[in-house]
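Here are my notes on this model, point by point. Have the structure open while you read.

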Amino acid sequence: MHKYLILGAGPAGLTFANLLKNVGETSFIVLEKEAEAGGLCRSAIVDGTPFDIGGGHFLDVRYPEVNKFLFRFMPENEWLLFTRDSRIEINGNIINHPIEANIWQMSLDNQVEYLKSVAVAGCNSGETIPSEFVSWIYWKLGKKIAEDYMLPYNKKMFGENLNQLGTYWLEKLPNVSFDETLLSCLTQKAYGKQPGHAQFYYPKKYGYGELWLRMAENIQNNIVYDTNITEIDFNQITVTDCQGNTYQAKNIITTVPWTSFAKITGMPPDMVNSIGKLKHSSIQTAYYPQNLDTTAHWIYYPDPNLAYHRILVRHNFCPNSRGYWTETNLERIDFTDNSSTSFSYINEYAYPLNTLEKPQIMESLLAFARTKHVYGLGRWGEHKHYNSDVTVKCAMELFNEICINPI
């Protein structure tokens with residue numbers, strides 16, 4: 001029996017495992033479904049240079065303690081630091097992101113229309129906050145931004161039925177201030193809050209997956225690959241893989257999707273049933289060798305006539321590379337069209353969906369699991385749309401809670 005059993009060798013699992021090693025703990029094992037570590041942050045060599053198969057992943061600068069920890073495995077001098085350049089292609093305009101701060105880059109006619117819309121947005125006119133997702137977007141951003149950008153883009157990302165989503169996860173969006181929007185148009189300068197990844201690191205020589213490979217190498221004797229866990233037993237604190245092998249531990253740290261367990265034992269039946277209500281989206285990433293005439297790192301495309309919702313311009317952040325890759329919701333892929341792309345990859349588990357029921361489901365699930373010494377961690381263990389830096393931060397916090405300062 002191990003003291004710690006970690007499911008998944010993505011950023012969350014690798015961080016927790018390496019923290020255990022740092023304090024001299026040896027009684028732990030990491031079980032990974034794939035043949036390689038990294039999870040959604042894995043990279044592959046395509047056309048001679050790295051391709052991040054999980055879509056766009058970058059190391060944000062906002063948590064110094066996270067970067068300091070990660071630089072132990074891949075020193076800072078192996079990274080390039082970028083100031084974010086992301087764009088939106090909308091109504092024939094290509095403007096900087098976020099849209100509300102950069103309307104001034106549109107044609108004059110478009111500026112007038114967007115300003116009129118922002119002026120009467122519900123959040124600026126004192127209307128009651130709606131509870132449904134679609135109505136909330138209109139309230140928060142105004143009719144033009146809602147219909148031209150946010151609603152079509154979110155449909156491409158998460159599916160047509162947007163009202164299955166809650167609004168609790170949108171609170172981080174700043175109000176679109178009419179005064180700031182008008183001021184930006186008059187002064188031709190962006191105002192307001194900057195988006196995440198305002199500055200980010202990307203490796204000089206490798207794809208983003210290199211970081212996680214090095215973390216895996218540091219604990220190579222404690223990882224078992226090609227191990228697909230299909231069952232979890234809360235009574236025995238065990239998991240079983242698809243080959244029938246069973247692993248037992250005093251503590252289980254699970255970073256894998258709860259919906260990936262085909263069998264769950266020792267959990268109340270109503271809670272097991274609620275797991276089936278958790279939803280996620282799947283994406284395809286596809287590589288195209290052409291260089292684009294832009295300095296942008298990535299570009300968002302709300303146009304519903306385009307299958308993909310964004311592109312990552314590889315040659316603008318990955319040195320000595322060329323081409324770009326697209327990210328497309330799997331529901332929008334035409335699998336009969338084999339033209340133009342030379343490489344593609346399907347991520348079954350890409351984004352957890354923030355559905356109406358999710359907060360209550362996860363609160364009950366995680367609380368129950370903890371009573372059995374099972375801890376959900378990371379994007380899939382907590383079913384939250386965490387970026388990799390946040391995932392590492394969560395792993396550090398959980399480690400401190402249950403390993404360093406246990407109650």
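**Notes on salt bridges, sheets and a pocket**

1. Glu327 and Arg310 are both buried (under 20% relative accessible area; exposed is over 50%, partly exposed in between, with a 1.4 Å probe and protein chains only). Their side chains meet in a salt bridge, 3.2 Å from N to O (the criterion is a side-chain nitrogen of Lys or Arg within 4 Å of a carboxyl oxygen of Asp or Glu). Glu327 lies in strand 18 (residues 324-329) and Arg310 in strand 17 (residues 310-312), so the pair ties together parts 17 residues apart in sequence. Strands here are DSSP runs of E, at least two residues long, and helices are runs of H or I, at least four, both numbered from the N terminus.

2. Some ground rules before going on. This is a predicted model, in which local features need pLDDT of at least 70 and side-chain atom pairs count only at pLDDT 80 or more, while totals for chains, interfaces and linings use all residues. Residues are numbered from 1 along each chain as its sequence is written, and side-chain values use heavy atoms, with hydrogens and water left out.

3. How many salt bridges does the structure hold? The count is 13. In one of them, Glu401 meets Arg370 at 2.6 Å, N to O. Glu401 belongs to helix 12 and Arg370 to helix 10 (residues 358-371), so this contact ties together parts 31 residues apart in sequence. Glu401 is partly exposed, at 31% relative accessibility, and Arg370 is also partly exposed, at 36%.

4. Glu25 is buried, with a relative accessible area of 18%, whereas Lys3 is partly exposed at 35%. Elsewhere, Asp60, Arg62 and Asp389 are linked in a network of salt bridges.

5. Which sense does its pairing with strand 16 (residues 298-300) take, parallel or antiparallel? These two pair in the parallel sense over 3 bridges, and Ile88 is partnered with Tyr300 in strand 16. With strand 8, strand 7 pairs in the antiparallel sense over 4 bridges, with Arg87 bridged to Asn96. Strands 7 and 8 form a hairpin with 2 residues between them, and Asn91 in the turn has a positive phi of about 55°.

6. There is also an open sheet of 3 strands, ordered 5-9-6, with antiparallel pairing. Strand 5 (59-60) and strand 6 (79-83) stand at its edges with a single partner strand each, so one side of each is left without a neighbour in the sheet. Strand 6 is joined to strand 9 (residues 199-203) by 5 bridges, and Trp79 has Pro203 as its bridge partner in strand 9.

7. Last, the second largest pocket, with about 750 Å³ of space. On a 1 Å grid over the protein atoms alone, a pocket is an open set of points where a 1.4 Å probe fits, with protein on both sides within 12 Å along at least five of seven lines; a cavity is a set from which the probe cannot get out, and lining residues have an atom within 4 Å of a point. Grid points are joined across faces, edges and corners, and the volume is the space filled by probe spheres set on them. The lining has 37 residues, with Gly39, Leu40, Pro257, Tyr349 and Trp380 nearest the centre. Strand 19 supplies the largest share, 5 residues. By type, the lining divides into 16 nonpolar, 15 polar and 6 charged residues (Ala, Val, Leu, Ile, Met, Phe, Trp, Tyr, Cys and Pro count as nonpolar, Asp, Glu, Lys and Arg as charged, and the others, Gly among them, as polar).

Methods: Two strands pair if DSSP finds at least two bridges between them.
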